[in-house]
Each structure stands twice: as structure tokens, then as C-alpha cells.
Amino acid sequence: MEKGIQAEKVKEGLQAIEPAPTVARGSQARAQSWGSLGFWLCLPLFAIAYTQAPFFSSNQHHYFLRGIAQSGEGYLTQDWLANTVDTSPLFTALIQVTESAFAGYSVLAYAFYYIVLSMVFLYASVGIAVRTWKMEQQSSAIWALALALTILLSYPFEMLSKTVIGMDIGYHLEEGVAKQYLLDGLLQPSTFGVFLLLSVYFTLSHKWAGAVLAGAFAAIVHPSYLLPAAVLTLFSMIQALRHTRSLSFTFWLGTLSLVLVLPVVLYNLSTFSATSESIKSEAYRILVTDRLAHHAMITTWLNKTVVIKVGLVCLALYLTRHRPVCLVLALGFGWAVVGTAAQYVTGSHFLALLFPWRISVALVPLASVLIIGAAIAWLERSRVWVPQAGQVLKTTAMVAMVTLLFSGTYFQLARLTAHEMDDVQGIIKHAKSIRSPGQLYVVPRQVEGLRLGAGVPVWADYKSLPYKDIDVITWNTRLKQSEALYRSTPENACDNLKQVLATTPVTHVILPAADSWQQCPGTELLYQDSYYMLVQDSSKSLGLVTAN
């Protein structure tokens, strides 16, 4: 009797609590949906919050020149540098096609390209952490990771961290050593290095062909990634052999990678072969010790920020010591250490220009996302926050995303406005308004944007340079002539200007707005504002002068 009563009570109790699992499953499903939506929204949000440098800025003056010249813009086909050997022909082709297909709107297309590459960066980074820490079924944690990266690497957070603590936290988490990076707000060949991270993600996902294709694509667009791509191919091959136990398939992967990059290797070997040993040695010296010292000289770029970045990689190595991704960290870090040590010991300029430390552009963000992912995975699995806090966290995340959207848009507009109000814009716009065949300009370093901004040839400038050894010598000679002019004193200013105009085919010179240049004989003042003045050699017939 008592057992019957107890059985009935148990049955009633089970019926009473039976709906609870359904509610729990419903709540979990809604949480999964919110997490998935949050992650996908973070992809474009990351690109917006990261912001872009205005077109054209910094290295873009170099990498966009040939493509824009070949599209017929202004008189850039007459520019000497635009006719030198191209280091990134595929990128140049992309620029030329874009200029032709989107005439008048090409800048919008370039901005879109950068947005896509930024999204690839976040997608691959988050994917690597998800695969490593087994977070596939934890969509809320994935959302949290994507949002954390979006915040930490955003331009608004950069401004905030610089203001509050005087340091750019995102720089230490994302950029490699020697002032080399993947994104940095600039569309250029090196930005396609995001496919190195995608290669790692594909390897961890056992998408072997995709991994090889992604790594090779990065190297094809930017040949400086050939060595990092080789390291990642080795990682893919080792993982494929472990997973498939097939030597033939592993050999096929390696062969596929080699076939893809072989044309790039042959192009560089043939195109940039030495003119002579003496010319090659001098060109290497100019590049390593002068123009690219911030990239190529260990004594120049080795500082305390490098210690922080190495520390991040070492911490990631420890945290992932039992995970497959540890192998790529170990291979990449090992190659960077050995290559850097070899360059330092030998002092080889050739090895310095191979940038054995360049793989750090992938290792540092990879290490950072693994560390952040490990923290988020631990919080999720240890249930540090109680279920009741889920709604609060979701609301907080949404507020953060809206804040990033508006602050990122604000800072992007601010950067564009500052670019339009820059001191050099007046002189560039005037040069464009008077451009004609045969003009050739000498410009100070601050007016590096004249070529692309006005569509006129330039004698030489510091930012844009060739890489063929004989061309490097020519560029350096031209640059010295130009920069000697800008070091003039009031006493010898006119004499130096006269010498440049007499010994070169230069027709126009942009000068600082100073009294010492006002009355130089043989020149005609065409334009002047508060910052710069433009003078023309009145003795030269522009119809007979060629830019080369």
C-alpha cells in the first residue's frame, strides 16, 4: 500500500517536472541562435570598427602606382618608377582591372576589398580558436570571442588605450615585429596575408586542399610571404599525414603547393637577378641600411615591444602544448628564431631582405586569439557566470556592438575629413588642374601623394621605390638630388634649385612656402598657399621634355 502511494507520488513528481527540459532546450536553442547571429554580425562590424586609412596613404602610393598608371590615369605612364620592374604583378592587375571597371568609383571598390579581407581575418582567427578549444557547440562563447577581438583591435579602442594608458594595446596583440603587419587599415599586397591565417584554419578543419590554396594565394599576391607559406604548407602536410596516414596524399599536397607558387618563384629569380655583383651589393646595402632599415635591420626593430610579442607566442605555445595548433606555432617560431639568428650572425643583406621574421605577422595575432579564446572557453566551461546573467551579457554585448558601429563610423569619417584638410591637398589639387604631357615634378617627402593624387610623374620620392638592383641605384641617386635641394639654406637655395633644373629633366618643383625661394631667377611661381609653393622652370618647353 505504502509502495503504491510512493510510486504514485513519484509519477506525479515526474509529470510536474517533465516540461522543464523542453524549456531548457528552448532557451538553449535561442541562446545558440543569438550566438550565431552575433558572430556573423561581428564580421562586418570588425571591418567598420577597425576603419581604413584614406585612399591613398602610406605604402599605397607605391603599390597602386603601376596599376593606376596602366589604366591611363593622367600622365603616369610617363613616370619612371611606374615603368620599372613590378614586385607584385597580380596586385597591379587587380588595381588596373578595378580602375577600368569602376572608373570614378574605384575607391569604393578598394574599400570593399579591404572590408572583405578584414572579415577573412576575423573569421579565420575565431575559427582557429574554436577548433583549438572545441567551442563548436558554444555559439555564445564564439560570439564573445569575435566581439572581444572586434573591441580590442578597433580604432576607437586604440584611441582610448592611447589616451588612458599611453599604449596601443591592439598593436601588441595584432602586429608582427619589424613594423610588419596584416591589416593596419591599408589595402596593399601584404593585407592578403590574412589568407595565411585562413590556411591554418583550413588545416585544423582537415580541409587540406583549401589550406594549401590559401597559403599559396597569399604568396602569389605578395611574394614576401613565400617562406611563411612554405612553413604553413609543411604544417598542413604533417597534419594530413597524421590524419590520413597516406604518404601519397601528403606528397600530393606538397606538390600542389609547389606548382602554385613556382611561377612566382621563377618570375622573381629571373626578373630580379643581379645586374652585377657590385651593383647588387650596393642596392642591398641601400635597401637594408637605409630605406628598409625599420624592416630589415635587427638592431633597428628589436625593442621592448618585440619582447611582449614573443611572450604572447610563448604563452600560446604553452597553452596549446597538447593541441594540433601548437605545431604551427612551433614551426613558425622556430623558423623565425633560427632565421633571425642566422641573419644577425652573418650580417647577410640578402637574408635580411628575405625577412625570416615576417611570419610573425601571422604568429602574433594567432597567439593572441588563442590566449583570448582559452580564457573565454574556460569561463564558459567553468560556469563562472550564472545562467541568470545570460540576458545581461547578451544586452551588454549588443550595446557594445552598437557603440562600436557608431564610434567606428565616426572615426572613419574623422580620418577622411582630416585627409581632405591635410596641408598637401591644396598643392596636389592645383597640380592636377594644370597637368599636361611632359611635366616632371620634384617633391618633398611630405607630398608623397602627388603621383596618385594629381596623376603626374615625379622624379623620385622616399616612399615609393623599385627593387631591381640597377633601379635601386638610380632611385637613390635621384632621391639624393631631390633631398639635397630641401636641405638648402637661404643663402644657397636658389643656386641649388638652379642646379636641379639644369641637370635633370625636371620642369616643376614643389617647395616649402619660404621667402628664400621667392625670387629665384629662371623660375615662374604658379601656386602658393600657407604651406607650399609650386615653381616652374620657365626655360623648358614642356612639349619637348619627357618624364624619363
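Two strands pair if DSSP finds at least two bridges between them. Strands (E, at least two residues) and helices (H or I, at least four) are DSSP runs, numbered from the N terminus. The views below show a predicted model, in which local features need pLDDT of at least 70 and side-chain atom pairs count only at pLDDT 80 or more, while totals for chains, interfaces and linings use all residues. Residues are numbered from 1 along each chain as its sequence is written, and side-chain values use heavy atoms, with hydrogens and water left out.

**View 1. Strand S4 and its two partners.**
Let's begin with strand S4 (residues 532-537), which is joined to strand S3 (residues 523-528) by five bridges, the two running antiparallel. Glutamate 524 has glutamine 536 of S4 as its bridge partner, and glutamine 528 stands opposite methionine 533 in S4. A hairpin of three residues leads from S3 to S4. Strand S2 (residues 508-512) is also antiparallel to S4 and is joined to it by five bridges; here proline 512 stands opposite tyrosine 532.

**View 2. The two faces of S4.**
Is S4 buried or exposed? Six of its six residues are buried (under 20% relative accessible area, where over 50% is exposed and in between is partly exposed, with a 1.4 Å probe and protein chains only), so S4 is largely enclosed by the rest of the structure. On one side you can find Tyr532, Leu534 and Gln536, and on the other Met533, Val535 and Asp537, all of them buried.

**View 3. Helices H17 and H18 side by side.**
The axes of H17 (residues 304-319) and H18 (residues 325-346) come within 9 Å and cross at roughly 145°. Which residues make the contact? H17 brings Val310, Val313, Cys314, Ala316 and Leu317, and H18 brings Cys326, Leu329, Ala330 and Phe333.

**View 4. A tilted aromatic pair.**
A search of the whole structure finds 24 aromatic pairs. Rings of Phe, Tyr and Trp (its six-membered ring) pair if their centres lie within 6.5 Å; planes under 30 degrees apart count as stacked, over 60 as edge-to-face and the rest as tilted. Phenylalanine 39 and tyrosine 123 form a tilted pair, 6.4 Å centre to centre with 40° between the planes. Because phenylalanine 39 lies in helix H2 (residues 19-50) and tyrosine 123 in helix H6 (residues 106-133), the pair ties together parts that are 84 residues apart in sequence. Phenylalanine 39 counts as buried at 10% relative accessibility, whereas tyrosine 123 is partly exposed at 29%.

**View 5. An edge-to-face pair.**
The ring centres of tyrosine 410 and phenylalanine 411 are 5.3 Å apart and their planes lie at 75°, so this pair is edge-to-face. Tyrosine 410 is exposed, with 55% relative accessibility, and phenylalanine 411 is partly exposed, with 21%.

Note on methods
Axes fitted to C-alpha atoms, helices over the stretch in contact; angles between N-to-C directions. Contact = heavy atoms within 4.5 Å.
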